[in-house]
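Hello,

Here is the structure I promised to pass on. Please have a look at it first; my notes follow below.

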2 protein chains.
Amino acid sequence: MNKLLIVGTVAFDAIETPFGKTDKILGGAGTYIGLSAAFFNLQSAIVSVVGDDFPQEYLDLLTERNIDISGLEIVKGGKTFFWSGRYHNDLNSRDTLDTQLNVLADFQPKVPENYKNADVVMLGNLHPLVQSGVLDQLESKPKLIVLDTMNFWMDCALPELLDVIKRVDVITINDEEARQLSGEYSLVKAAAKIQEMGPEFVVIKKGEHGALLFHGSNVFFAPALPLEEVFDPTGAGDTFAGGFAGFITQSENVSFENMKNAIIYGSNLASFCVEKFGTERMVSLDKKEVVSRLKQFKSLTQFDIEL
Amino acid sequence: MNKLLIVGTVAFDAIETPFGKTDKILGGAGTYIGLSAAFFNLQSAIVSVVGDDFPQEYLDLLTERNIDISGLEIVKGGKTFFWSGRYHNDLNSRDTLDTQLNVLADFQPKVPENYKNADVVMLGNLHPLVQSGVLDQLESKPKLIVLDTMNFWMDCALPELLDVIKRVDVITINDEEARQLSGEYSLVKAAAKIQEMGPEFVVIKKGEHGALLFHGSNVFFAPALPLEEVFDPTGAGDTFAGGFAGFITQSENVSFENMKNAIIYGSNLASFCVEKFGTERMVSLDKKEVVSRLKQFKSLTQFDIEL
């Protein structure tokens, strides 16, 4: 089985949406990526850090899904990264209520020995120096390196971000961030400029409006599945990235054509994630549901105009 | 050849975008619908009204495309409907600078005798009483009646709008308008509620984010083609509607499956419309370009996950 190395936060989230609020629940980019990638036939490991306030039950939840947590450092006496946010009524925007870096402040990632030759590396949203630090530890060039990031790092660590962007094959980023990073309003122009920064493939996530994949002059678009109700968007982007990276790892094929399928798998998994609070839906999800919804994606977009 | 009856304004527009501004140029929903539908193998007629300030050159432009203008009333001494607007930098929103109804204020539509048995009727955005007035004159039930409308009529003529909505098969409406009409934020729920108002098919236009077609529990999504530059969005929605209605008229098939193709044709034609000011691009467009871009639409959305 191919190996997927995941880097990203493992955290506590407290979330408020128009539908309710949660206490501290399991969250973090690394968590969502791991849970999503676990739907594929692969080996995976998460490199991250938590405090010793992190419940064993959450660790078990990861290991039950065959996720190697030997690279998940547990800091004695430390507190786990905590994020709290409140979504607006349209669920398209949110306010951060609290961010406590805690153990994340001094995090030095350590890649497990047997993942230094990972086939695919998924760098979840984290400080660009942590992302670079992971790449520095690799002993062989992965088939694909995927990087996710956000506007926060463009604001406060742009040179470090540009350095790590140079080293990756795929960047996933949302539409506003693509505009900020490139200085271009048109997403077509933005994607072209970002490709010049390093990544051969640019994935632009548009939330409820789907996702675009750019590679040279090739473009592919995957819609988000129209849902009756979005309950909690937290983790949707990470779940998308995990599905994308997971499918590529399983299929060992980094062509543009195969990335189309990876984008569809990512969108498919993300469509489940938003149905309940936090990781709840991803934890209860089974493979039959995933396949059944893939059929919906197919009928949502396929047409038969003869050309 | 099948007959398409088009109702909608034929007008002067003055447009400002970040790329420049125009004097009074040819515009109006009926005009855009007519120009777009003219790419299909059909007979069409426009029911509308202009003043005698309307240039012969614009009338010729319509008749050269085989559009019957015997239902286009020319009011002696009257002035043509005029709209002026300024788009914001993102081109997703605009301010109306001026609206002069002129001859439109007292417009009584008259359907040409030989279109009272039209196969398809496309009711472009106009006062709902004018739209109803056209349906009242029909002598046989069309295969399909498509209605386009906007928030303005929901604000100031809602009962009349609901009356005409009851009588149509397809409604095309943008996302914000669908939310306003239904009182539902979720587009899935909005489409279900609007279907209960009468139309079996609901098309929700999302501009640069594509279009959704709803019919019972079936959904289809067509993306907008990602463009380097959108020059002027004026008329894109009408061009979309014209392509949709034109393809249905030509193909004589009102199944959900065929409407998928119609939505793609509509999106395709709209993607040209926005490339230049006003009707300029639609006038210079040829069928080869249309077919070539259809291939782009196919590669933009088609994937081959085996299920």
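**Around Thr80(A)**

The side chains of Thr80(A) and Asp53(A) are joined by a polar contact of 2.6 Å; the term stands for a pair of N or O atoms within 3.5 Å, where within protein one must be able to donate a hydrogen and the other to accept it, and residues adjacent in sequence count only if both atoms are side-chain atoms. Before going on, note that this is a predicted model, where local features need pLDDT of at least 70, side-chain atom pairs count only at pLDDT 80 or more, and totals for chains, interfaces and linings use all residues. Residues are numbered from 1 along each chain as its sequence is written, chains are lettered from A and ligands numbered from 1 in the order in which they are written, and side-chain values use heavy atoms, with hydrogens and water left out.

A polar atom of the Thr80(A) side chain also lies 2.9 Å from the backbone nitrogen of Gly51(A). Thr80(A) sits in the loop between β7 (72-75) and β8 (82-87) of chain A (strands are DSSP runs of E, at least two residues, numbered from the N terminus). Is Thr80(A) buried or exposed? Thr80(A) is buried, with a relative accessible area of 1% (buried is under 20%, exposed over 50%, partly exposed in between, with a 1.4 Å probe and protein chains only). Leaving aside residues up to four places away in sequence, Thr80(A) touches, among others, Phe12(A), Phe54(A) and Asn102(A) (contact means heavy atoms within 4.5 Å).

**Rings**

Phe12(A) and Phe54(A) turn up again, linked with Tyr58(A) into a cluster by ring pairs. Rings of Phe, Tyr and Trp (its six-membered ring) pair if their centres lie within 6.5 Å; planes under 30 degrees apart count as stacked, over 60 as edge-to-face and the rest as tilted. The count comes to 19 aromatic pairs over all chains. One of them is stacked, because the rings of Phe221(A) and Phe221(B) have centres 5.5 Å apart and planes at 25 degrees. This pair crosses between chains, from strand β15 (residues 218-222) of chain A to strand β15 (residues 218-222) of chain B. Phe221(A) is buried at 3% relative accessibility, and Phe221(B) is buried at 3%.

**The two chains**

Best wishes

Terms used:
Helix = DSSP H or I, 4+ residues; strand = E, 2+ residues; numbered from the N terminus.
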